[in-house]
Amino acid sequence: MLYEQIQEAITFIRSKTNFQPQFGIILGTGLGNLSEEMEIEAEIPYREIPHFPVSTVQSHKGKLVFGKLGKHSVVAMAGRFHYYEGYSMKEVTFPVRVLKFLGIQHLIISNAAGGTNQHLYAGDIVFIRDHVNLQPENPLRGVNDERLGPRFPDMMKTYDQALNAKALEIAHQNGIRAHEGVYVGLQGPNLETPAEYNFLHTIGGDVVGMSTVPEVLVARHMDLPVFVASIVTNKCYPLETLTETTVEEVIEVAQNAEPKLRLIVKKLLNHIA
Ligand code: HPA
């Protein structure tokens, strides 16, 4: 069923473009405007693609953008889906399935996150080296289709260490504050209470956000390598430094940091291919 739905989406996309992307990029908060730098070959609104959910968050656009970023062939998801919007985990992750079947070899994901490590400040970039999944529901729940991946995917090598090391090197060469860290995925949409930020710090979380984990699970289920970068938009630890956070602040901090992350991602692609 899921497999057939993916094929239907692919057939539709292939009726619109034969462009062959090597990289898939989820333009979350922090890379939202990357498509401005692309030499665009084709754009397909999500609402036209069979079985795609439709985006509800205003700051996100809802289309697949195919084209060149520098010399690299990419497909960008301009607009992503969150569980808190009411979609099922299967819906949230359907586009990642489709990107894999379009033939991408790497998935690059960005997000905005709260920093639950005392060394992190608003505007810092964190390359994710591991995660803790505290989201309800799992996109892999239900009958497993072996054509997509194994029933019990191993999670030891979820994030590519070598890519993170390279990304750190690129950041430091360019004077950009960046770190590696553990992402904790929560449902949202509310931010966390002080007690919860304290808990997230205690369990080993460096950053906390409301996205990414389902997409990573589905990508790794299909053996697709992932690279994830979070932009710290609000400092959440130590608790004395906590202040109220608005979505406007989160978006503003992420937008200010975006050029740094764009630069890193572009140089990282050059390194990979
Ligand atoms: N918590 C959860 N998600 C977030 C945060 C946060 O503090 N900041 C940005 N996304």
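Visitor: Which residues line the second largest pocket?
Guide: Arg129, Asp130, Met155, Met156, Lys157, Thr158, Tyr159, Asp160, Gln161 and Glu180 line the second largest pocket. A pocket here is an open set of points on a 1 Å grid over the protein atoms alone, where a 1.4 Å probe fits, with protein on both sides within 12 Å along at least five of seven lines; lining residues have an atom within 4 Å of a point.

Visitor: What are the ground rules for the model?
Guide: This is a predicted model: local features need pLDDT of at least 70, side-chain atom pairs count only at pLDDT 80 or more, and totals for chains, interfaces and linings use all residues. Numbering runs from 1 along each chain as its sequence is written, and side-chain values use heavy atoms, without hydrogens and water.

Visitor: What volume does the second largest pocket have?
Guide: About 200 Å³. A volume is the space filled by probe spheres set on the points, with grid points joined across faces, edges and corners.

Visitor: How does the lining of the second largest pocket split by class?
Guide: Three nonpolar, two polar and five charged residues. Ala, Val, Leu, Ile, Met, Phe, Trp, Tyr, Cys and Pro count as nonpolar, Asp, Glu, Lys and Arg as charged, and the others, Gly among them, as polar.

Visitor: How many cavities of 30 Å³ or more are there?
Guide: One. A cavity is a set of grid points where the 1.4 Å probe fits but cannot get out. Its lining includes Phe81, Met89, Val92 and Glu215. The elements giving two or more residues to that lining are α2 and α5. Helices (H or I, at least four residues) and strands (E, at least two) are DSSP runs, numbered from the N terminus.

Visitor: Where does α2 bend?
Guide: At Pro95, by about 30°. That is the angle between axes fitted to the seven residues ending there and the seven starting there.

Visitor: Which α2 residues are buried?
Guide: Met89, Val92, Thr93, Phe94, Pro95, Val96, Arg97, Val98 and Leu99. Buried means under 20% relative accessible area (1.4 Å probe, protein chains only).

Visitor: And what follows α2?
Guide: Gly103, with a positive phi near 105°.

Visitor: Switching to Ile231. Which strand holds Ile231?
Guide: Ile231 lies in β9, residues 226-235. Ile231 is buried, because its relative accessible area is 0%.

Visitor: What does Ile231 touch, beyond four places in sequence?
Guide: Its contacts (heavy atoms within 4.5 Å) include Gly30, Asn111, Asp124, Ala254 and Leu261.

Definitions and conventions: Buried < 20%, exposed > 50% of the residue type's maximum accessible area, 1.4 Å probe, protein only.
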